[in-house]
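Let's work through a few exercises together. Keep the sequence and the 3D view at hand as you go.

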Amino acid sequence: MIDPHVHGQASACSNIADDILLEWFLDRPHQAVVVSDHGSWDFYRADWAKDLAGRTLYATEITMEGTPFDFLLHTWVEGLFEEYREELRGHAGRRVPPLAVLEDSRVLVTFAHPPLDTPARRVRWPGWFSRMRIDFLEFNAVRLSALLGRLAVSREPEELRKAVQTVNRRMLELRGHLAPEAKFITGSDAHVVQGLGAAGLTLETPAPDAETAWRELQAGRYRGWLELRRLGRYAIDPASGLEPEPSADPAASPPPPTN
């Protein structure tokens with residue numbers, strides 16, 4: 001199980017202490033260790049990090065200066081982000097692509113919580129979007145819950161179904177507009193303990209190590225899921241996007257898996 005989008009104490013917006021995250025991962029031996037703090041990878045530098053290295057994907061989240069656009073970066077290579085420390089932490093001028101880290105073949109690039117409130121054609125996209133590689137577009141559990149709640153105010157099944165179709169249609173349009181080769185992915189974007197486990201990816205074949213898991217993600221050999229509580233439980237297909245799970249009742253969704 002992999003949740004590509006989780007925040008620890010190095011993110012000012014997060015209320016999850018690193019020792020709580022560590023305990024959470026230790027209690028779930030089949031959960032990949034991934035913490036995507038803003039412009040930081042300090043979580044991975046603790047003394048205990050080497051003990052979990054076999055199931056660790058190194059991650060960070062960066063915001064392009066002057067824009068609201070965030071990107072998640074994932075690699076299996078320990079220390080890789082140190083090679084790009086200056087540009088990732090904003091000390092080498094404006095962070096606008098192409099950045100060397102975004103072109104590194106050992107890094108997967110995810111457009112985190114892309115805007116879905118309006119159709120892609122109505123968003124003012126910077127010109128550099130057409131020059132950068134985007135491997136994944138993220139269905140973000142926090143943003144999606146808020147958006148579906150607005151689109152399906154009554155939360156009646158038919159209204160909710162139409163809201164899901166609208167969100168997915170916008171994501172498909174966004175992919176066609178920005179990154180036709182990108183796959184769909186999901187993440188919890190957990191900033192509080194209660195958000196842990198709200199979303200994740202399950203590989204088609206369990207991976208023996210982090211590098212294999214990374215390559216399985218790159219190839220799109222996974223399925224995603226989101227648990228949005230009263231708004232239902234959903235599956236994420238790498239190619240077709242968001243879909244309600246066939247047996248899911250929005251009023252009585254089962255809890256997410258824990259390993």
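**Exercise 1: Around T60**

Leaving aside neighbours within four places in sequence, T60 is in contact (heavy atoms within 4.5 Å) with S36, D37, H38, G39, S40, W41, F71, L72, L73 and F81. This is a predicted model, where local features need pLDDT of at least 70 and side-chain atom pairs count only at pLDDT 80 or more, while totals for chains, interfaces and linings use all residues. Residues are numbered from 1 along each chain as its sequence is written, and side-chain values use heavy atoms, with hydrogens and water left out.

Task: Is T60 buried or exposed, and which backbone atom of D37 does its side chain reach?

Solution. Step 1: T60 has a relative accessible area of 0%, so it is buried (under 20%; exposed is over 50%, partly exposed in between, with a 1.4 Å probe and protein chains only). Step 2: The T60 side chain reaches the backbone oxygen of D37 at 3.0 Å. Step 3: It also reaches the backbone nitrogen of S40, at 3.2 Å.

**Exercise 2: A charged pair**

Task: Where do R161 and E158 lie relative to one another?

Solution. Step 1: R161 and E158 form a salt bridge, with the closest N and O atoms 2.3 Å apart (a side-chain nitrogen of Lys or Arg within 4 Å of a carboxyl oxygen of Asp or Glu). Step 2: The two are 3 residues apart in helix α6 (residues 157-178), so about one helical turn separates them. Step 3: R161 is partly exposed at 38%, and E158 is partly exposed at 41%.

Technical notes
Polar contact = N/O pair within 3.5 Å; in protein donor to acceptor, adjacent residues only side chain to side chain. Helix = DSSP H or I, 4+ residues; strand = E, 2+ residues; numbered from the N terminus.
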